[in-house]
Amino acid sequence: MDTTTKFYQPRHPEDSPFFKVLEANFDTFEVNFPTLFQAKYGFWRPVIRKSLEKFMRCGDLREGFAIVRCKDCGDEKFVAFSCKQRSCCPSCDKKRSIILGRRLTTEIIQPVAHRQWVFTIPKRLRIYYRMDRRLLGKLSRCAYETMRELFRSETASDTVLPGMFSAIQSFGDLLNFHPHIHSIVTEGAYTDDDKFIPRPYVNLRTALTIWENNVCDMMLREEKISQEVVNQIKSQKHSGFSIDNSVRISTGDNDGIHRLAEYIARSPLSLARMISVDPDGSVVYRASNKSCVPYPAMGDDTFKTGVKRNFQAFKPLDFLAEVTQHIPNKGEHQIRFYGRYSNKGRGYRQKKADELAELNRLLDIRHRVEEIKVRSKFKLYWAAMIRLIFEVDPLKCQKCGGDMKIVGFIDSEAKARDILKSSGLWRDRKTRLPPKALSPPQKQVNSPIVIESTKPEEFGDFIPDYDVCEVSEWTE
Ligand SMILES: [Zn+2]
Ligand SMILES: [Zn+2]
């Protein structure tokens, strides 16, 4: 693929299979939610409509764009805005996960070995997390406390702290609700005076017991389950709790950290795995492992346990219910840093926060087009991120190799339409967004999210879209 084709990525969001299912079924889904889905998924959450409306405009030049111009030859491009929604826009989720990987390796991860730790809970407890999403953050906290207790017992010290980064995943492979925690944790812990004590071998049995206790205690405190249920769970041979730390990343393996960060912060929804969409919106979705499973031979053990499914066929409304249950509420942080890697632990500087706030402000262009001035910080950061994603420089002119500069923002639909029409880039809207008037009565069941002392995801909100179209005729 040459640079030109890599660079020009005019994306037509309405061509995506997910967009098509939404377009044809969202109204019906929303209106019928209380009767069809409330019992299983909890009350309708307004964030679902808000996120999906934004997703349906992601990368759409008709919604406005930045204009980028070459200082040398005057060539111009348009850059669309992205929706920055979480867990419903695979494109924005992907970009966010790449930025996260970069941030981990450049700012956070210490030069020591790490392990991935995965923490799961019994099936019977999952429902509480769907009905009360506050618990997801508490589950993540339990995982951290498990690591802290484990390393304190392994080092016989009451004060050591591991460094930990966690992603709360609410999904299983086939979009089912399966709350669990993926973490990257230092293989050892830090003393008060910042010395690292490596602990490559830890007792997994101890870790599992601490994890079970921490989660059960938390759920008892939250009055979700009774002591009787706890006793019942703990008396079973296999409690349903599990812990895995089999993936190790050696010191300095930044690529390994990158790949893992992208994997654990990935989107619940993969467009590539929507392998068929019928005209009525029915979807066949496949698991991440697409290899076929052979039919078990007679007498095979899998006959008893059941063959693991790797496809799921959904009616359109069921598909939307499964996908949208993973959209987090506003303020519900999915990415968290703890211990040595918390802001406090790594001496987070106010300056950094100020810089990020400034970037966010600059990128919040819809509200402040008039006063925008392109600043080098913004330009550099944006260019670096896009190079990372596409291996091309969006601010290099393809015609002459000169530097491109953002020269303005178009934030009104009317203006965008005029410019796109005069430059031959206009596409009629075949689609419409679902009407607001039909929304079911909204009732917020979830209590407000308690934000922990860490400052997660402050970086995740300022990504312009990478879609770029050539402008042939239009000039300012
Ligand atoms: Zn040029
Ligand atoms: Zn998006």
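Two strands count as paired if DSSP finds at least two bridges between them. Helices (H or I, at least four residues) and strands (E, at least two) are DSSP runs, numbered from the N terminus. The model is predicted: local features need pLDDT of at least 70, side-chain atom pairs count only at pLDDT 80 or more, and totals for chains, interfaces and linings use all residues. Residues are numbered from 1 along each chain as its sequence is written, while chains are lettered from A and ligands numbered from 1 in the order in which they are written.

An open sheet is built from five strands in the order 8-3-5-4-12, with antiparallel pairing. Strand 8 (242–249) and strand 12 (335–339) form its edges, each pairing on one side only. Neighbouring strands of this sheet are turned by 20° against each other on average, direction ignored. Axes are lines fitted to C-alpha atoms, for helices over the stretch in contact; angles run from 0 to 180 degrees between N-to-C directions. Strand 4 (residues 163–171) pairs with strand 12 in the antiparallel sense over five bridges. Within strand 12, F337 stands opposite F165. Helix 8 (residues 204–221) packs on the sheet. This helix touches strand 3 (114–120) and strand 8, and its direction makes about 130° with that of strand 8. Contact requires C-beta atoms, placed from the backbone, within 7 Å.

Another open sheet has three strands, antiparallel, in the order 9-10-11. Its edge strands are strand 9 (274–277) and strand 11 (311–314). The twist averages 15° from one strand to the next. Three bridges join strand 9 to strand 10 (residues 283–286). M274 has Y285 in strand 10 as its bridge partner. Helix 2 (residues 17–36) lies across strand 9 and strand 10, at about 40° to strand 9.

Notes:
Two residues are in contact if their C-beta atoms, placed from the backbone, lie within 7 Å.
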